[in-house]
Amino acid sequence: CVVGVLAGGAVCDRIGVRATITLSMAGTGVLIAVLVHLSDIGLIVATTAVIGLLAQFYRPASSVLLVALTPREQHVMVFAVYRLAFNLGSTAGPLLGALLITYSYELLFYIEAATSVLFALVALRLPGTEVTRGTDEDETRGSYLTVLRDRRYLLYLLAVFLYSAVYIQHLAALPLHVRADGLSPGFY
C-alpha cells in the first residue's frame with residue numbers, strides 16, 4: 001500500500017493525473033481478471049503484489065485532482081466527503097464480496113475487474129489537471145529526504161503503521177477465523 005502510493009505520486013508527477021488513474025485502474029482490472037486463471041503459486045503471488053501496487057497508484061492523483069478542482073475554502077469538506085465515501089466502500093466491499101462468493105469466487109474476481117476497468121474508462125473523461133513542476137530548490141525542499149529528517153513525523157508514521165497492522169487483520173485473519181469456526185461466507 002505505502003509503496004504503491006509513493007510510486008503513484010512519482011508516476012502522477014511524470015504522466016499526469018488522468019493517465020495515472022487510468023493506468024492504475026485498467027492495470028488492476030486486467031490483472032485481477034488474469035489472476036483467476038493462474039495456477040502457479042509463484043505467479044499468483046507476483047501478480048497479487050503487482051495488483052496491490054497498481055491499485056494504490058490512483059490515490060495521490062485523486063488527491064491532486066480534488067485539490068485542483070476544489071476552491072481552497074472547501075478542501076476540508078471535500079476531503080471529508082472523499083474519506084467518508086472511501087470508508088463506506090471499505091465497509092460495504094467485504095460484505096458484497098462475501099455475498100458474491102456464496103455464488104462463485106470467480107464472479108467476485110470478474111466483478112472487481114470489471115469495476116476497475118469501468119473506473120479507468122471514467123478516468124479517461126477526467127479534466128486534464130496536471131501537476132506543475134516547481135524549481136529545483138522547491139523539489140529539494142519538498143523531497144522525501146526532507147520528510148525522513150522529521151523525527152516527529154517518523155514517529156507518527158510508525159504509529160499509523162502499527163495501527164494499520166492491527167486494523168488490516170479484519171481483512172486477513174477474520175475470514176480465516178470465520179471459516180475455521182465452520183461458518184459460511186453468508187455469516188458476514
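This is a predicted model: local features need pLDDT of at least 70, side-chain atom pairs count only at pLDDT 80 or more; totals for chains, interfaces and linings use all residues.

**Stop one: the whole chain.** Follow the chain from the N terminus and the elements read α-α-α-α-α-α-α-α-α-α. Now show the surface. The chain exposes about 12800 Å², and carbon and sulfur atoms supply 70% of that area. How many of the residues count as buried? Of the 188 residues, 22% do.

**Stop two: helix α1.** Select residues 2-15, which make up α1. Try the distance tool on its end C-alpha atoms: they are 20 Å apart. Why does that agree with what you'd expect? At 1.5 Å a residue, the 14 residues of this helix should span 20 Å, so the two values agree.

Next, pick out G4, G8, G9 and C12, the buried residues of α1. They sit on the same side of the helix, because they cover an arc of only 140 degrees around its axis. What do they pack against? Select α2 (17-35), α3 (41-56) and α4 (58-69), and you have the partners of these buried residues.

Before leaving, click on G16, which follows α1. The phi of G16 is positive, near 100 degrees.

**Stop three: a nonpolar patch.** Select V30, V34, V117, L118, F119, L121, V122 and L124: together they make a nonpolar surface patch of about 670 Å². Which helices supply at least two residues each? They are α2 and α6 (105-123). Of the contributors, α6 gives the most, with 5 residues.

**Last stop: V122.** Zoom in on V122, one of the patch residues. V122 is located in helix α6. Why does V122 count as partly exposed? Its relative accessibility is 47%, and partly exposed covers the range between the buried cut-off of under 20% and the exposed cut-off of over 50%.

Terms used: Residues are numbered from 1 along each chain as its sequence is written. Side-chain values use heavy atoms; hydrogens and water are left out. Helices (H or I, at least four residues) and strands (E, at least two) are DSSP runs, numbered from the N terminus. The expected span of a helix is 1.5 Å times one less than its number of residues. Buried means under 20% relative accessible area, exposed over 50%, partly exposed in between (1.4 Å probe, protein chains only). The arc is that of the directions from the helix axis to the C-beta atoms. Contact means heavy atoms within 4.5 Å. Patches are made of residues with over 30% relative accessible area and no salt bridge: like charges are joined within 9 Å, nonpolar side chains (Val, Leu, Ile, Met, Phe, Trp, Tyr) within 5 Å. Accessible areas come from the Shrake-Rupley method with a 1.4 Å probe; for residues, only the protein chains shown count as cover. A salt bridge is a side-chain nitrogen of Lys or Arg within 4 Å of a carboxyl oxygen of Asp or Glu.
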